[in-house]
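Open the model in your viewer and keep the selection panel at hand. The stops below go from the domains to the ligand and then to a group of strands.

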Amino acid sequence: MIKIKDATKNIGKKTVLDHVNLSLEDGKIFGLRGRNGAGKTMLLRAIAGLIRLDSGEIVIDGQEIHKDIDFPKELGLLIENNNVLPNFTLKKNLQILAKIKKVANDDMIDDAIKRVGLDPNDKRKVRQYSLGMKQRAAIAQAIFEKPALILLDEPTNAVDYDGVQEMRVLFEAEKQRGASIILASHNPEDLSILADEIISMSDGRLINEKQ
Ligand SMILES: Nc1ncnc2c1ncn2[C@@H]1O[C@H](COP(=O)(O)OP(=O)(O)OP(=O)(O)O)[C@@H](O)[C@H]1O
């Protein structure tokens with residue numbers, strides 16, 4: 001359960017999150033929509049613990065971000081410039097990350113790579129991937145440890161038509177596994193097909209607030 005209470009963040013003179021209040025139950029897909037600059041990425045960053053709020057709080061399963069924990073315990077993240085290391089293979093990337101939390105073994109890593117339609121034995125470095133393949137790699141990185149919470153910022157950008165359908169199946173399967181997903185997207189179809197609930201933002205504020 002994620003509880004966001006009065007979350008407010010200013011950058012310079014601009015209020016990029018403006019008293020955001022939200023309660024998000026577990027095991028659902030929440031679609032986040034809004035125009036460019038509405039604050040979707042900021043909200044995802046705040047939930048991930050990547051920015052500090054000026055006021056308000058974000059509490060995940062009873063633990064407040066930046067007070068009780070630095071970031072959500074079980075988090076899969078795909079935000080903006082995906083941070084898959086370009087000079088390693090995708091498998092090596094995931095193996096490096098797996099050493100930190102020690103959740104995923106090689107079988108889980110291979111499985112995640114196959115699920116995004118890539119080849120675990122591909123010897124190419126990620127920098128040699130196409131744009132859409134890089135995006136698939138970033139999705140693999142977000143899901144390979146079977147996290148409880150998955151934050152996805154425009155995950156199907158640059159992914160080809162068939163890939164978009166495959167990723168939808170994958171996100172739905174992650175939900176069936178029990179994960180909560182917050183998905184920011186400009187693709188109305190992604191949102192209408194996948195989202196159990198839609199959260200709309202404008203100018204850092206929620207429209208149709210759900211509390
Ligand atoms: N590093 C930064 N410094 C200053 N302002 C920023 C920074 N990053 C974002 N902003 C501002 O914060 C506001 C919200 O940006 P955000 O990236 O959350 O929008 P968004 O809804 O994700 O947009 P998009 O659909 O274009 O991805 C915008 O006004 C943006 O200009």
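Start with the two domains: 22 Å separate the centres of domain 1 and domain 2, taken over C-alpha atoms. To colour them, select 1–74 + 149–211 for domain 1 and 78–147 for domain 2; these bounds come from an automatic or database domain assignment. This is a predicted model, in which local features need pLDDT of at least 70, side-chain atom pairs count only at pLDDT 80 or more, and totals for chains, interfaces and linings use all residues. Residues are numbered from 1 along each chain as its sequence is written.

Next, look at where the domains meet. In domain 1, 21 residues are in contact with 15 residues of domain 2, contact meaning that the C-beta atoms, placed from the backbone, lie within 7 Å. On the domain 1 side, α1, β7 (149–153) and α5 (161–177) each supply at least two residues. Helices (H or I, at least four residues) and strands (E, at least two) are DSSP runs, numbered from the N terminus. By class, this side of domain 1 has eleven nonpolar, three polar and seven charged residues. Ala, Val, Leu, Ile, Met, Phe, Trp, Tyr, Cys and Pro count as nonpolar, Asp, Glu, Lys and Arg as charged, and the others, Gly among them, as polar.

Now select the ligand. Which residues surround the ligand? They are Ile11, Lys14, Val16, Gly34, Asn36, Gly37, Ala38, Gly39, Lys40, Thr41 and Met42, where a residue is near if its C-beta atom, placed from the backbone, lies within 6 Å. Both β2 (14–24) and α1 (40–48) supply at least two residues of this shell, and α1 gives the most, with three. The shell divides into four nonpolar, five polar and two charged residues.

Ile4 stands opposite Leu22 in β2. The two strands form a hairpin with two residues between them, and Gly12 in the turn has a positive phi of about 60°.

Finally, select strand β4 (residues 55–60), which runs antiparallel to β1 and is joined to it by five bridges. Show Lys5 here: it stands opposite Glu57 in β4.

Terms used:
Pairing = 2+ DSSP bridges. Contact = placed C-beta atoms within 7 Å.
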